[in-house]
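Dear colleague,

Please find the structure below, handed over for your records. My notes on it follow.

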Amino acid sequence: MFFKKHYRKGFADHLNDLRVEKAASLLLIDDKPISEIASECGFKTVPYFNRAFKRSTGLTPGLYRKKHKSL
């Protein structure tokens, strides 16, 4: 209830958002495979990481890396 009240989302959603933020920064500064970055950020499977990342950023991790590294 604390998270719903203060963050307007549940704890799991908040935690996933933090993990995606960390993954996004790693995608730009590191050339590690996406699967390795997903694991480092606490995601158990790559498909779940892809869904969570796309829900937060609107892009898949691969497209995010391509788009932002070329800038």
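This is a predicted model: local features need pLDDT of at least 70, side-chain atom pairs count only at pLDDT 80 or more; totals for chains, interfaces and linings use all residues.

Is Asn16 buried or exposed? Asn16 is buried, as its relative accessible area is 7%, where buried means under 20% relative accessible area, exposed over 50% and partly exposed in between, with a 1.4 Å probe and protein chains only.

Residues are numbered from 1 along each chain as its sequence is written, and side-chain values use heavy atoms, with hydrogens and water left out.

The chain as a whole

The chain contains five helices and zero strands, with its elements running α-α-α-α-α from the N terminus. Helices (H or I, at least four residues) and strands (E, at least two) are DSSP runs, numbered from the N terminus. Along the principal axes, the C-alpha atoms fill a box of roughly 40 × 25 × 20 Å. The chain has 71 residues, of which 25% count as buried. Of the contacts (heavy atoms within 4.5 Å) between residues at least 6 apart in sequence, 45% join residues at least 24 apart.

Asn16 lies in helix α2. Leaving aside residues up to four places away in sequence, Asn16 touches Phe43, Tyr48 and Arg55. Asn16 and Phe53 are 37 residues apart in sequence, and their C-alpha atoms are 8.6 Å apart in space.

His14 is also found in helix α2. His14 counts as buried, at 15% relative accessibility. With residues up to four places away in sequence not counted, His14 touches Phe3, Tyr7 and Lys9.

Packing of α2 with α4

Two packed helices are described by the angle between their axes and the distance between the axes. Axes are lines fitted to C-alpha atoms, for helices over the stretch in contact, and angles run from 0 to 180 degrees between N-to-C directions. The axes of α2 and α4 cross at roughly 90° and come within 10 Å. The two helices are therefore roughly perpendicular to each other; angles of 65 to 115 degrees count as such, under 35 as roughly parallel, over 145 as roughly antiparallel and the rest as oblique. On the α2 side, the contact is made by Asn16, Asp17, Val20, Ala23, Ala24 and Leu27. On the α4 side, Tyr48, Phe49, Ala52, Phe53, Arg55, Ser56 and Thr57 take part. The residues of this contact divide into eight nonpolar, three polar and two charged. Here Ala, Val, Leu, Ile, Met, Phe, Trp, Tyr, Cys and Pro count as nonpolar, Asp, Glu, Lys and Arg as charged, and the others, Gly among them, as polar.

Packing of α2 with α5

Helix α2 (residues 11–29) and helix α5 (residues 61–69) pack at an angle of about 55°, with their axes 9 Å apart. That angle makes α2 oblique to α5. Ala24, Leu27 and Leu28 of α2 meet Pro61, Tyr64, Arg65, His68 and Lys69 of α5. By class, this contact has five nonpolar, one polar and two charged residues.

Within α5, the buried residues are Pro61, Tyr64 and Arg65. Seen down the axis of α5, these residues fall within an arc of 100°, so they line one face of the helix; the arc is that of the directions from the helix axis to the C-beta atoms. They pack against α2, α3 (34–40) and α4 (46–57).

Yours sincerely
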